Structure formats: structure tokens, C-alpha cells
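Grab a pencil and work through these exercises with the model open beside you. Try each task before you read its solution.

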Amino acid sequence: MGRAVTVATCALNQWALDFEGNLERIFRSIDIAKSKGARYRLGPELEICGYGCSDHYYESDTLLHSFQVLEKLLESPATQDIICDVGMPVLHRNVRYNCRVIFLNKRILLIRPKMSLANTGNYRELRWFTPWSKARHVEEYFLPRIIQEVTGQETVPFGDAVLATKDTCLGAEICEELWAPNSPHIEMGLDGVEIFTNSSGSHHVLRKARARVDLVNSATAKNGGIYILANQRGCDGDRLYYDGCAMISMNGETVAQGSQFSLDDVEVLVATLDLEDVRSYRAEISSRNLAASKVNPYPRVKVNFALSCPDDIAVPICMPIQWRHHSPEEEISLGPACWLWDYLRRSKQAGFLLPLSGGVDSSATACIVYSMCHQVCLAVKNGNADVLADARRIVNDETYIPEDPPEFCNRVFTTCYMASENSSQDTCNRAKLLAEQIGSYHINLNIDAAVKAVVGIFSVVTGRIPQFSVHGGSSRESLALQNVQARIRMVLAYLFAQLTLWARGMPGGLLVLGSANVDESLRGYLTKYDCSSADINPIGGISKTDLKNFIQYCIENFQLTALSSIMSAPPTAELEPLVDGQVAQTDEADMGMTYAELSIYGKLRKIAKAGPYSMFCKLINMWKEICTPREVASKVKHFFRMYSVNRHKMTTLTPSYHAENYSPDDNRFDLRPFLYNTSWSWQFRCIDKQVNAL
């Protein structure tokens, strides 16, 4: 009868502007899909050029090379007898569109432009593309000559249409359209479309995957149908990690689940599903059928091809499965680790260097690198030839096989404890023990000579000797002396990153890792151009609360017992003199707020869009059991003063893995002034008025 259709979707680790590599990965996905019997293959959004091209989309070269890749795909025997759905930018009547190009047997069936563009948070699609606003309208698109020579077509349909094959009807959505309140799949489903496709460029945020899965399943729960989602995976050259999760759903239930985090460059999901299950599911939804009788029809592109075989009575059908979600701690362990691996292999460096202080943040960063080493060894064990080749190139050994995570860690990861006269023996011991347990190449050094030399230059020039507060100095003197220590550590980190491998008789250089968390960045509790200044920062988008939970996860899953004492120690910068050999300085005392409070401020400021007055109004209810309105006002004012005074530091913030929706990243995500009137006079007066009234 032709009931069982076999379809494929994929997660590809594409790289912006890597046309050659992107083409190779697309071909691999098509080969895998065909080998598993698929008759339709869906790929991620803008997979030909890579999603993260940013302002390169303005360049005619990007359009030209995308069509050159499309030419290779069209003329290849590998794409015969399978409908291929690929993503690329297309210029139509001098307007750039984010498009799907759907083709079969050297002929383009339809170019479908994106109708709802993602333009919030990290997304800026309206900067480069225009949404297609003509619903259910199709125009002629004149193909470039290089494509005409392959297809024999002069024009092809361009617009909002669906494909009618011999056995079913398919309609396309592109990423954001699934998240829109008026998603196209609603009207398409009412018009008889049975298979919905979605090509995405959706990046990872902690706890986001559940929402994406729920949206896909709910899309077919109310209306029936088969929903196929493809997504990019990996770091394609930016702060984002695209987290895969390719999936296939039918009638509200998941039937195929792809991995969220993986070092595999190509992952293909194939499912065989019974179209009659869709039709019978829809048959008894009377509200759906009444609405369908009044729907405006979509233009249909007829395709002389079937996704099923005539004799399919014995073909096994995929059954529903239960989606397995990662915990936030697992997400922190896996997502940034995969991002680091992509960055390391694509930057062609020989490893990482981390200033390891013995505190929670730098220890969490070290654990993420250790998790990366675990993922590499596991991928090699599972036969991933790409990972093995990358590992051999990184360690400069063509016979090397990474089998033991600590041993591999020793080859690619250098940790460095930079002691001063203000450092305690406890943090030194904790850093050393953690380095031993994860296997990193560990260096102990003392920065006092460098600090004294720098301060000595100042004293020679000015005739003044600055002192710490505990020795009678002013707060300005004390802060300057703390900053000198912090900045010298940054200079030494880069020196050792460049020359440590040279000193060990090994080739290459190291990438410097930063370890400032998202809460400290929001408050500005860091020295500009200290060790927070690095090449990349895997925890810069993660809260202190989540990092502590991650540390506990590492104790239990990696058996890193050294982390127990790190967890129990109060966070400290160790930049002020010790008192009786013990640390007297703590982070929360310095900041004037707790990390838990900072996390709340961050979410209200960014996610709830709250200014000082709105934040005060929300917090007097949230904290009514623990704070008076006057205390709440004092806390809110202190946060906004410190936030605005330190906002300039965000302009030089190290590129960080994006993991939280309240990140203060100034590059793209959180666009604010960096010169504020820090008195907030009008706003604080409104707060004071409410406090007095209460």
C-alpha cells in the first residue's frame, strides 16, 4: 500500500565558512541515511555555509561558495534517489533569505525561505536576512548559471509551499518557526501535511533541551503527524555550543532521539513510520477536522517520488521511546567539554593552560577539561577515527592512542598555581592534589619577586610606597596592590602558555583558560586584565550555585576526592595579607552580597527585564520573610551601583561558553551602556518613596 515511510534527520558539527568540511559532512550524512534505507534526508539550518557566519552573510562570496557547494551536491551520484533538504543563504530579487533548498535527482523542487527570524538573545537574523512575509505565495526564482547547467532548470519555485509526493505531503519549518506562537505546522497540518520538517541552529542553554523536546512533541499531539528536527552541533567559531538533539516525533511521542552532546561530527537518525497511524490519529479529532475544512490551501509542488515502497507490509515500524534528559550537572560536564574540544582542534593548538587557584571556579574549569579528556578517550574507544586523528595531531604523535583520561590530560593540560605571600598553604595543597588526581602537568611558582619589582618601579618614580589596609594604607592603595598581583598572574599565564611546551621539548603553544563565573562578571568582581582575561572561558556563563553542584557531581562520578576540601572552603581571592597564617579575605564579604543573591539579581535584571525600581518591587515580595523593605532597598541599590560602576569590564570579557539566559556578555547577548550615571538618582528616589510609604 505504501504506508511505511523511512526518513532521516541529522546533527552535523558544521563550521562557519568551512565550505569544504561542511560539504564532506553533508555527504557523509546522506550516505548514512541512504545506507539505512531513508528516502528523505533533512539537515541543520544554513548547514552549507555554517550557521555562525554573522556579517559574512553580507558578502557575495558567501552566497557564491554556497551555490558552488550546492552544485557539488546536485551533480553527485550520492544524492540520487533521495530527497535532500539542505540549508543556505539565497539572494532573491536583491533580498537575502535564510532558505531550505530541497532537491531530488539533480532537480530543485522548492526553495523555501524562513518566515519567522530569530532575533532575541544571541540571535541577530534580522541583521542579515529578511523574513518571507508572503504566506502561501510562490514566485519564480532564476537559478545561477552554474546550477542551471546541472539541473537543466531556468527557474524553480521560491516561497511558502509544501511538497506532495506519491504517498504523502511534507511541509518545512525553519528553527524559530517552531517557537513562534503562530507556527506554520498548525495551518500546514490542517491542510493535510503529514510530515513536518524543522532545520535548526539552536544553541545550548542549561535546562533548555526539555522545552525544545516538548515543543516538538506538542506540535503533533494536537494535530497529529510526523515531526522531524535536525540541528547543528558543536562550536562553529563563536561563544555558542549547538547541542544536537536531532529527533523524530509522531502523534505527540518521540520515536527517535539523537545525542545532545557528542564528539561525533556526523550523527544520523533514521525512522520508519506508518502514515496510517497519522491518519487514524487525526480521524477522531473532530475540532481539528472542522478547522481543516475551512483552511486556506498551500501551493503544492508535485513530486514524482515516494517515501515508501509498494511492498512494505513486513517493514518494521519504529515505536515510541522515553526521552532521557541530562541533569544540569551532566550538561555542565559535557557541553563545555565538547566546546573546548572543538576549539582546541580547530585552533590547531597543543592544549590548555589554566591558572589553578585551589578554589571552586578554577577547579570546576579543570574538571571540565578532565571531562573533555574522558569524552575523547570514550570516542576513540568507540571507533571515532576523526577524534583519534585530531588527538594524534594535537599531541604530535602519529601512533598515539588516548585510552587513559589522566594520561591524555597530562599531554594536553597544564595547570599552574601562582603563589604570593598572601596565599595560604591550604589552597596550594588543594590545587596540587586536584592536579595529581586529574593528571595535569602541574607547575608551582611564586609571583612575589615580580610584584615587588612592579611596585618598586612605582615607588622609584613617585617616592611613595603603597600599603595594604591592614598595614595602615588606604582602600585605594590596597586595591591597587591586589590588582598588581592579579595582573601579573595574567602576564605569567600567557608567558607559560607560550613557552611551557618549548621548555619541555615539545612543539606548539597552549590556550589560556579563564575561570570567572557568570555571577562575578555580573557584579564586576574581577580585576580587569587579570586571570579572568584569557583566550576562552568554559564557565563564564555558569552560576556559582550550578558550579558547586557540578563539583559535587565530579566527586561522585570522577572520584576526585580533592574536590571535597575545595567545596568546604570559603571562596577567596587571596590578594590581601594573611592573618596569623590564615585567609581573612572572602569573596562574599568583598562583594557585599552572596552568590545566591547575585544569581537572583542577574535573573531579574536580564530575564525579567527589571530595572532598579521593578527589581525592588519584586524582591520585597520574594524576600518578605527575611528582609524589611528598607533592607531590600539597600541591597538593590548596592547591586546596581556595583553593576554600573563595573560594567566597563564586560567590554573586555573573555569569550565564554554561553550557558545562562542572564549572562552579562557584552559582545552580543547583553547590550548595555558601559558608562552609567552610577547614582541612579531618579530610580533610587522612586525606591525610597515606596520604602517610606511602606
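**Exercise 1.** Find the network of salt bridges that links Arg605, Lys606, Arg647, Asp666, Asp670 and Arg672, and then find out how many salt bridges the whole structure has.

*Solution.* Before you start, note that this is a predicted model, where local features need pLDDT of at least 70, side-chain atom pairs count only at pLDDT 80 or more, and totals for chains, interfaces and linings use all residues. Residues are numbered from 1 along each chain as its sequence is written, and side-chain values use heavy atoms, with hydrogens and water left out.
- Step 1: look at the network, whose members include Arg605 and Asp666.
- Step 2: search the whole structure, and you get 38 salt bridges.

**Exercise 2.** Which parts of the chain does the salt bridge between arginine 279 and glutamate 194 tie together?

*Solution.* 
- Step 1: check the gap: the closest N and O atoms of arginine 279 and glutamate 194 are 2.6 Å apart.
- Step 2: Arginine 279 sits in helix α8 (residues 275-283) and glutamate 194 in the loop between α6 (184-190) and β10 (195-200), so the pair ties together parts that are 85 residues apart in sequence. (Helices, H or I with at least four residues, and strands, E with at least two, are DSSP runs numbered from the N terminus.)
- Step 3: check the cover. Buried means under 20% relative accessible area, exposed over 50%, and partly exposed in between (1.4 Å probe, protein chains only). Glutamate 194 is buried at 8%, while arginine 279 is partly exposed at 29%.

**Exercise 3.** Are arginine 233 and glutamate 267 buried or exposed?

*Solution.* 
- Step 1: spot their salt bridge, 2.5 Å from N to O.
- Step 2: arginine 233 belongs to strand β11 (residues 226-234) and glutamate 267 to strand β15 (residues 266-274), so this bridge ties together parts that are 34 residues apart in sequence.
- Step 3: arginine 233 and glutamate 267 are both buried.

**Exercise 4.** What separates aspartate 342 and arginine 345 along helix α10?

*Solution.* 
- Step 1: the two form a salt bridge, with the closest N and O atoms 2.9 Å apart.
- Step 2: they are three residues apart in helix α10 (residues 328-347), so about one helical turn separates them.
- Step 3: aspartate 342 is buried, and arginine 345 is too.

Key: A salt bridge is a side-chain nitrogen of Lys or Arg within 4 Å of a carboxyl oxygen of Asp or Glu.
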